[in-house]
Amino acid sequence: MAEAEDHSTTALPAPQPDEDQSSITQKRNDLAALLPICGILFFATPLISTITNDNPSGIGGTAFYIFSIWALLILAACVLARFLRGAETSGDEAE
Amino acid sequence: MLSFNLLLTVCLIYVAGLFGVAFLAEKNAKRKKFGFFSSPLTYTLSISVYCTAWTYYGAVGSAARNGLEFITIYLGPTLVFIGWWWLLRKLVRIGNTQRITSIADLISARYGKSTTLAVIITLLSVIGSTPYIALQLQSLTLSFSVFSDGFAGQDPATTSSLTALWAAVGLAAFTIIFGTRNLDSNERHHGVVSAIAVEAIVKILALIAVGLFVVWGVADGPTDIMSRIQPQIMQSQDIFTPRWVTLIFLSAAAVICLPRMFQVIVVENSDEKHLSMASWAFPLYLFLMSLFVLPIAIAGLDILPAGANPDLFVLTIPLTQNQDALAMLAFLGGFSSATSMVIVAAIALSTMVSNHIVLPLWLWLTLSRSPTSEDVRTLLLRSRRISIAVILGLGFLYYQFTSGTGGLASIGLIAFLGVAQILPALIGGLFWQSSTRKGAIWGITAGFILWAYTSFLPSFEGNFILSQSAIDNGIFGFEFLIPSALFGVTIEDPLVHATVWSLGINIIIFILISMISVPRPIEKVQASQFIHIFDQAAASTTLSRQTTSEELHILSQRILGHETTQKLFNQAARTQGKLSGQLPDPTNDFITNLERDFSGSVGAATAHAMIGQIASGEAISVEDLIKVADETVQIMEYSARLETQSKEIEQTAEQLRQANAKLRELGEQKDAFLSQVSHELRTPMTSIRAFAEILRDEDHMGKDQISHFSSIIHDESIRLTYLLDEILDLSFLEHGKVQLKLSFTKFDKILKRAMNATQTLREQSGAVIEIPDDLKHLVIETDADRLSQVLINLISNAIKHSAADKPVIRFNLEQFEHTIQIEMTDNGKGISAENAEIIFQKFAKLSSEQGAGSAGLGLPISREIVRNLGGKLLYVGNNPGAVFNIILPHSISPLLDPAAAIEPAD
């Protein structure tokens with residue numbers, strides 16, 4: 001699941017030059033909201049119990065789950081930050 | 001074992017190094033050579049002031065007691081930072097454009113620069129932070145005590161008190177030196193931030209070093225460590241509990257609302273772009289900080305004797321393994337965590353106290369005097385220094401008061417919940433247009449009281465205000481007031497209970513009061529500035545005031561200093577196109593900019609108050625509000641530009657269509673007029689031609705006959721001329737080209753002329769005309785010939801069209817201040833509704849009959865004449881005969897002034 005989420009951020013479409021500026025802004029904003037929502041989904045919903053309770057290795061497994069999702073979120077945030085900043089500067093120039 | 005003296009020496013050297021870094025950074029900042037000290041990396045590292053001694057030592061303790069729970073404290077901030085685009089970016093943008101100096105300043109600025117709100121939040125922050133500062137002092141003394149165990153001849157309690165005291169004094173000195181060197185209009189502290197960044201590196205290196213040592217030095221790698229897990233850590237397997245979610249939420253709220261976090265994230269931010277790096281780098285920092293917490297806790301429980309304080313595992317593990325250098329590094333890490341938190345918190349709190357409490361008090365006290373009679377700069381710096389000392393003093397007192405309280409974590413969480421009370425007002429302020437100052441004040445106050453009752457006061461365990469029995473059985477023995485089960489709501493975890501009550505009530509009150517209260521104009525202006533911060537090219541709070549540049553200059557010198565003031569005023573003068581050395585005009589723009597610069601030093605509310613105090617008529621004009629509204633409209637238009645454009649095109653097309661229809665209608669009217677005119681001309685022309693042909697072709701015609709035909713031709717020619725004259729006359733009248741012969745005339749004379757002209761008609765029909773005496777004696781200034789023409793027309797129409805056997809025409813006069821009204825009534829059957837609409841149209845032939853010799857121009861001409869005479873001719877209805885009103889001015893001359901336009905007839 002985490003991989004799928006990561007994939008969606010890295011494979012985001014590059015803004016087409018002929019694409020409408022406001023729709024780019026809209027997409028950018030939606031994308032920026034996706035990451036914290038994923039974070040909440042993985043960390044602050046019962047999802048965290050259902051995944052980790054089945055794990056026989058107990059606390060070690062839970063820790064592994066949290067740290068791997070965490071690392072993926074950081075990675076996705078890094079990619080997203082780069083994209084958002086690029087979009088922002090190009091948007092500024094367009095304005 | 002390290003000696004206590006060696007430890008002290010290293011500590012002092014380390015502090016000296018920090019002084020050096022701070023000093024260097026300040027020097028570079030002054031020369032505008034920022035480099036590393038102003039890089040996004042430094043910004044990110046400075047945010048790690050979030051990781052205090054509580055996280056450094058306490059996380060391991062928490063892991064040893066409650067398993068993975070410690071991780072929530074890091075997950076909350078991670079969520080906030082990866083969602084930076086939505087919240088933090090907005091906060092930073094607002095902070096930079098509005099020159100926000102603290103979280104209290106932000107909330108107060110948003111809700112109409114309210115001083116009350118600023119004071120409430122300042123008090124809340126100070127109360128919430130004091131235990132937190134005490135916590136740092138406690139961890140410092142604890143860590144020192146680990147090394148001073150062998151320190152003979154001293155009472156341990158005295159030693160730790162002494163350590164705490166010296167720590168407090170030293171921290172106060174450092175904070176005062178680098179935190180209050182000058183009053184920057186941006187309220188940024190390059191020196192402090194750089195020192196904090198260095199400390200951030202030290203603490204993470206120390207923790208990672210200890211972690212690596214534990215995993216590969218004490219144990220044989222990760223698998224070995226995991227195999228040593230103790231049952232007490234294993235207990236907490238189902239980690240998704242209300243407490244888990246609450247902790248994530250509280251830590252997320254704290255990373256925004258804690259005064260020191262707001263200071264480093266928003267106030268110290270010099271470039272918005274730094275935030276995008278921090279968005280992933282700070283979560284990474286937290287990730288690394290927590291990576292080894294669990295292994296250290298496991299190892300500590302495994303190798304250290306039972307009863308060892310788990311809060312100090314980071315220090316005691318290396319010490320027991322005789323790793324002195326590592327222990328020293330670990331100690332410095334903890335030292336860094338504690339000091340950086342205390343320094344930044346003290347700066348943030350002292351800024352709030354001096355800006356929102358001391359300065360307004362001083363302003364209030366000096367209200368009667370000139371506000372510039374004392375040096376505000378000196379006052380501010382002095383009050384900040386004193387505030388820092390007082391805040392650290394409070395922390396120390398709290399430490400003394402509660403020395404020996406249990407785990408570090410509980411105190412930290414109470415502080416988190418305390419500052420989280422600001423969150424509803426903050427989020428509402430950034431995203432909800434209708435939130436008001438009253439809502440914010442009451443929401444925060446209610447949340448604050450509930451927090452104090454359910455969480456803060458019980459933490460003293462009966463030693464402060466609430467007695468132990470009140471905590472156990474409710475205040476005055478009322479069971480529904482038990483702090484841990486308010487109104488019988490039993491939630492197992494006291495923190496979750498306190499969070500639900502305080503924040504729940506806070507949010508409900510905030511929303512309800514916001515909905516029923518009406519925001520002041522300045523709140524509305526600030527609300528739209530905050531909410532639409534990204535849509536505004538240049539935010540402008542334009543306030544209409546009257547003040548002089550001299551007063552502003554004096555005030556500015558007091559607050560910003562001579563040099564900065566000179567620079568600002570010269571720049572403003574140049575912008576206004578003035579010579580250098582001249583003072584700029586106190587325009588709205590200039591005052592707004594100045595106020596914003598002041599805000600950087602004294603906070604928005606105070607800056608507003610100070611400017612307001614020297615400027616009379618401090619209020620937002622309607623124009624300003626309209627301007628703000630216009631800006632909003634512009635934004636909306638911009639976002640829906642395409643839509644608007646297509647609508648505009650549609651509108652234009654519609655307008656064109658309408659214009660086209662009107663033109664066609666006019667063309668049709670013109671055609672109709674021409675055909676009517678030609679028709680009217682054709683009739684007499686035809687008879688003239690016919691009789692002329694007869695005269696030409698018939699040779700044998702009697703003299704009488706010739707004379708008869710010639711007179712017909714003559715009459716028809718006259719009728720034709722008359723008709724052409726009328727058309728010409730109407731055209732002149734319609735275009736106002738007619739020459740009026742004005743004189744003061746007795747109405748009697750005008751009437752007589754009309755009576756003479758209609759004599760034949762009257763005698764034929766036996767009509768009677770009744771004229772009241774006051775009308776006969778009336779004298780008005782008008783064109784007598786023209787007016788009599790109107791009367792002739794009306795009288796002959798009345799006689800001709802009246803169906804009465806013996807027509808009676810009655811005149812009536814009513815006089816007003818400037819006008820007279822002559823009413824003419826006949827005893828006929830009136831004008832039918834169908835005809836009433838067309839009587840004033842040219843060539844209108846009434847459907848019922850054919851007026852002999854009438855071309856249907858009489859009434860239109862009459863109406864035009866009256867209009868030219870400055871009045872109106874109206875058909876007002878049937879009573880039962882037709883009633884016409886002629887309204888005329890007493891005197892027409894003033895109306896002929898071209899400036900006073902004559903009102904056209906209906």
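1. A residue is buried if 20 or more other C-beta atoms lie within 10 Å of its own, exposed if 12 or fewer, and partly exposed in between, with C-beta atoms placed from the backbone.

2. The model is predicted: local features need pLDDT of at least 70, side-chain atom pairs count only at pLDDT 80 or more, and totals for chains, interfaces and linings use all residues. Residues are numbered from 1 along each chain as its sequence is written, while chains are lettered from A and ligands numbered from 1 in the order in which they are written. Helices (H or I, at least four residues) and strands (E, at least two) are DSSP runs, numbered from the N terminus.

3. On confidence, pLDDT is the predictor's own per-residue value, from 0 to 100. Chain B has a mean pLDDT of 80, with 85% of its residues at 70 or more. Within chain B, confidence is lowest in strand β2 (residues 616-619), at a mean of 43, and highest in helix α20 (residues 423-431), at 92. Residues 847-853 of chain B have pLDDT below 50, and this stretch has 5 contacts in the model beyond near neighbours in sequence. Residues 898-906 of chain B also stay under 50, and the model has 10 contacts for them beyond four places in sequence. For the complex, the predictor gives an ipTM of 0.78 and a pTM of 0.64.

4. Chain A has 4 helices and 0 strands, in the order α-α-α-α from the N terminus. Of its 95 residues, 24% are buried. Two residues are in contact if their C-beta atoms, placed from the backbone, lie within 7 Å. Among contacts in chain A between residues at least 6 apart in sequence, 74% join residues at least 24 apart.

5. Chain B has 37 helices and 9 strands. Its length is 906 residues, of which 45% count as buried. For contacts in chain B with a separation of 6 or more, 79% are between residues 24 or more positions apart.

6. The contact between the chains takes 28 residues from chain A and 30 residues from chain B. On the chain A side, the elements that give two or more residues are α2 (21-43), α3 (47-53) and α4 (59-94). The largest share, 14 residues, comes from α4(A). By type, the chain A side divides into 20 nonpolar, 7 polar and 1 charged. Here Ala, Val, Leu, Ile, Met, Phe, Trp, Tyr, Cys and Pro count as nonpolar, Asp, Glu, Lys and Arg as charged, and the others, Gly among them, as polar.

7. Back to helix geometry. The 14 residues of α26(B) (residues 562-575) should span 20 Å at 1.5 Å a residue, and the end C-alpha atoms are 20 Å apart, which agrees. The expected span is 1.5 Å times one less than the number of residues. Just after this helix, Gly577(B) takes a positive phi of about 80 degrees.

8. Helix α3 of chain B (residues 53-66) also has 14 residues; its first and last C-alpha atoms are 18 Å apart, close to the expected 20 Å. The helix bends by about 35 degrees at Ala59(B), the bend being the angle between axes fitted to the seven residues ending there and the seven starting there. Of the 14 residues of α3(B), 12 are buried, so the helix is largely enclosed by the rest of the structure. Among them are Trp54(B), Tyr56(B), Tyr57(B) and Val60(B).

9. Two loop residues of chain B may be checked by eye. Glu268(B) lies in the loop between α13 (259-267) and α14 (274-291) and is buried, with 26 other C-beta atoms within 10 Å. Leaving out residues up to four places away in sequence, Glu268(B) touches Ser46(B), Arg188(B), His189(B), Val193(B) and Gln263(B). Glu268(B) and Tyr43(B) are 225 residues apart in sequence and 8.0 Å apart in space, C-alpha to C-alpha. Asn322(B) lies in the loop between α16 (313-320) and α17 (324-365). Although not a glycine, Asn322(B) has a positive phi of about 60 degrees. With 9 C-beta neighbours inside 10 Å, Asn322(B) counts as exposed.
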